[in-house]
Amino acid sequence: MKQLRTPIVSVLGHVDHGKTTLLDKIRRTRVTAKEAGGITQHIGATEIPIDLIKQICKDIWNVKVTIPGLLFIDTPGHKAFTNLRRRGGALADLAILIVDVNEGFKPQTEEAVSILRTFKTPFVVAANKIDRIPGWQSSEYAPFLKSWAQQDDFTKQKLENKIYELIGDLYRFGFSADRFDRIKDFTRTVAIVPISAITGEGIPELLMILVGLAQKYLEENLRLQVEGKAKGTILEVKEEKGLGITCDVILYDGTLKVGDTIAIAGKDDVIVTHVKGILKPRPAKEMRVESKFQSVKSVTAAAGVKLVAPNLEGVLAGSEFEAVESEEDIKNFRERVKKEYEEISIQTDEE
Ligand code: GDP
């Protein structure tokens, strides 16, 4: 079997509905699951290895695993998500749409659903802040269904009503949705997982459904393999002391090595340069070392890294890049990028 790469997951939702808290909670779980493989910090992303996910989900785990973990990208907003494109799709393979279950859909939730629909990104709805449902009895990190079984009927009904409102809102956007435990086919119905990003309730189911979806949707998709040409997206272009202008990138395909020649889609034309250095954040325990970064010789998708290369001045955030070996490769890249950007602008205009 071919090695599958780590799927990229983005979290979208209305401001204050809990994006940051959810990612922090997933990261902090490391404390309660020390023996599992550690969380890896990337540039602009966090990797949660599959062993840790399994451990968080240990009471309910029932899927066969083919992916190495999940890479959560820290997209600060919807604009970043739409700018972070690759091959005519969104950079993320999957998304979590987070909604404060007490407030329901808000303008940015609607915007997020439209974006996900445009890019055909499979997503799971995290109906957050269930601990605020009147009468809710919380249990730290419990699977949702375990917590649910402990609630009284009045509280259950309150949550059910909120979930039905979400189902109605999603229906307006053309999605059929239901609470996850009532779904048979996760590729046809959008799963709603009630969670609390504060107590951790429901996070086991949320992660397990993401893993299941990632595997189901993406296993046969070539995009998910680590072989072949390195391809990625520029997250940010910034000056680093002693290094000059560098690019923070998400590598979504292939393996990138120091010395590789890469073509980057610039504003007006393609920029061709070569990779002088690939930097990763240093593990927290090595923080006393002078530099925040450690240099590596190569990196395999999916990963967030900092690239050191000459001629990065004209590079824009959101641009794509690809490893190239010949003039022919550069020509093909230029044509592909041009065509896809045209398609995207047509799609976005239609929204
Ligand atoms: P973001 O803007 O989507 O990143 O939202 P934040 O993660 O910053 O959360 C906004 C506020 O909601 C913060 O005060 C959080 O502590 C709070 N919050 C987030 N998730 C929950 C939750 O599950 N339960 C409760 N009670 N509060 C939450």
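**Exercise 1. Which helix gives the largest share of the shell around the ligand, and how many residues does that helix supply?**

Solution. Keep in mind that you're working with a predicted model. Start with the shell itself: 15 residues surround the ligand. Now sort them by element, and H1 comes out with the largest share, at three residues. Next, sort the shell by class: you get seven polar, five charged and three nonpolar residues. Finally, pick out the closest ones, which are Asp16, Lys19, Thr20, Thr21 and Asp131.

**Exercise 2. Find polar contacts of the ligand, and work out how much of its surface the protein buries.**

Solution. Look for N or O pairs within 3.5 Å. Thr20 uses its side chain: an N or O atom there sits 2.4 Å from a ligand oxygen. Asp16 works through its backbone instead, with an N or O atom 2.7 Å from an oxygen of the ligand. Now for the area: the ligand on its own exposes 580 Å², and 74% of that is buried by the protein.

**Exercise 3. Describe how H1 packs against H7.**

Solution. Two packed helices are described by an angle and a distance between their axes. For H1 (residues 19–28) and H7 (residues 203–218), the axes come within 12 Å and cross at roughly 90°. Angles of 65 to 115 degrees count as roughly perpendicular, so that's the label for H1 and H7. Then list who touches whom: H1 brings Leu22, Lys25 and Ile26, while H7 brings Ile203, Leu206 and Leu207. By class, that contact has five nonpolar residues, one charged and no polar.

How values were computed:
Residues numbered from 1 in each chain as written. Predicted model: local features only at pLDDT ≥ 70, side-chain atom pairs only at ≥ 80, totals over all residues. Heavy atoms only, no water. Axes fitted to C-alpha atoms, helices over the stretch in contact; angles between N-to-C directions. Helix = DSSP H or I, 4+ residues; strand = E, 2+ residues; numbered from the N terminus. Parallel < 35°, antiparallel > 145°, perpendicular 65-115°, else oblique. Contact = heavy atoms within 4.5 Å. Nonpolar A, V, L, I, M, F, W, Y, C, P; charged D, E, K, R; others polar. Near = heavy atom within 4 Å. Polar contact = N/O pair within 3.5 Å; in protein donor to acceptor, adjacent residues only side chain to side chain. Areas by Shrake-Rupley, 256 points an atom, 1.4 Å probe, with all protein chains shown as cover.
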